[in-house]
Amino acid sequence: MKGLTMNRQPPMEPLINRICSRAERARWLDESRAMPSVTLTGRQLLDLNLLACGAYSPLVGFMTRADYLGVLDTMRLDSGAPWSIPIILAVKSSVGSRLREGSKVLLRDARGQERGVLELRERYTYDPMREAHQVYRTLDATHPGVRRLHAQGDVLLGGPIWSFDAPAPGALAHHTLTPAQARAAFAARGW
């Protein structure tokens with residue numbers, strides 16, 4: 001039809017990639033001997049993997065206070081980008097009290113394996129009941145999200161992360177493609 005134009009989608013934002021190269025991994029592991037460490041839960045390890053491969057773009061790490069509060073209050077990151085669920089690293093106060101802002105923290109899995117590094121920008125407390133109300137719209141302790149909030153630590157650690165390895169196949173729950181692979185597949189299909 002003459003005069004009809006197709007609406008074009010705006011270009012996609014670049015994907016975040018926080019997976020270390022071999023050289024970066026070796027450097028971080030060498031430096032990690034002097035770092036305090038935090039052991040991640042299974043959920044936190046999944047978040048680390050999703051942050052690292054770009055599934056949580058534009059996030060480059062666990063949320064700092066400004067992003068966290070923005071998500072709770074307006075469902076937006078501090079940058080103004082829409083975001084609805086906090087991506088946080090909660091630890092017990094006994095762990096959080098020995099960490100210093102501006103330092104680097106080694107992230108380990110439950111087996112003690114080094115998985116990455118957090119560049120600790122902020123260490124802050126939060127109100128899990130407020131988060132439960134704002135995010136899940138319930139305080140019912142039988143709700144899985146509320147139950148998780150009650151079980152996790154009371155100090156949040158925020159800052160950029162670096163992952164030592166790309167997520168293993170199947171490590172991103174039921175997803176079989178990384179965000180970069182999905183974008184390539186969409187482009188190949190003209191979507």
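1. Helices here are DSSP runs of H or I with at least four residues, numbered from the N terminus. The structure is a predicted model, and the points below should be read with that in mind.

2. Overall make-up. The protein has seven helices and seven strands. Taken in sequence order, these elements run α-β-α-β-α-β-α-β-β-β-α-α-β-α.

3. Burial and surface. The protein has 191 residues, of which 38% are buried.

4. Contacts along the chain. Consider the contacts between residues at least 6 apart in sequence: 71% of them join residues at least 24 apart.

5. Salt bridges in general. Side chains of opposite charge can pair when their charged atoms come close. In this structure there are nine salt bridges. Several are taken up in the points that follow.

6. R27 and E31. A salt bridge joins the side chains of these two residues, with an N to O distance of 3.1 Å. Both belong to helix 1 (residues 22-31), and because they are four residues apart there, about one helical turn separates them. E31 is partly exposed, at a relative accessible area of 34%. R27 is likewise partly exposed, at 40%.

7. R43 and D47. This salt bridge has its closest N and O atoms 3.9 Å apart, against a cut-off of 4 Å. The two residues lie four apart in helix 2 (residues 42-53), so they are separated by about one helical turn. What is the state of D47, buried or exposed? D47 is buried, with a relative accessible area of 4%, because buried means under 20%. R43 counts as partly exposed, at 39% relative accessibility.

8. D73 and R130. The side chains of D73 and R130 form a salt bridge with an N to O distance of 2.2 Å. This pair links distant parts of the chain, since D73 sits in helix 3 (residues 65-74) and R130 in helix 5 (residues 128-136), 57 residues apart. D73 counts as partly exposed at 46% relative accessibility, and R130 counts as partly exposed at 30%.

9. Points to check on the model. For the pairs within one helix, look at R27 with E31 in helix 1 and at R43 with D47 in helix 2. For a link between distant parts of the chain, look at D73 in helix 3 and R130 in helix 5.

Note on methods: Residues numbered from 1 in each chain as written. Predicted model: local features only at pLDDT ≥ 70, side-chain atom pairs only at ≥ 80, totals over all residues. Heavy atoms only, no water. Buried < 20%, exposed > 50% of the residue type's maximum accessible area, 1.4 Å probe, protein only. Contact = heavy atoms within 4.5 Å.
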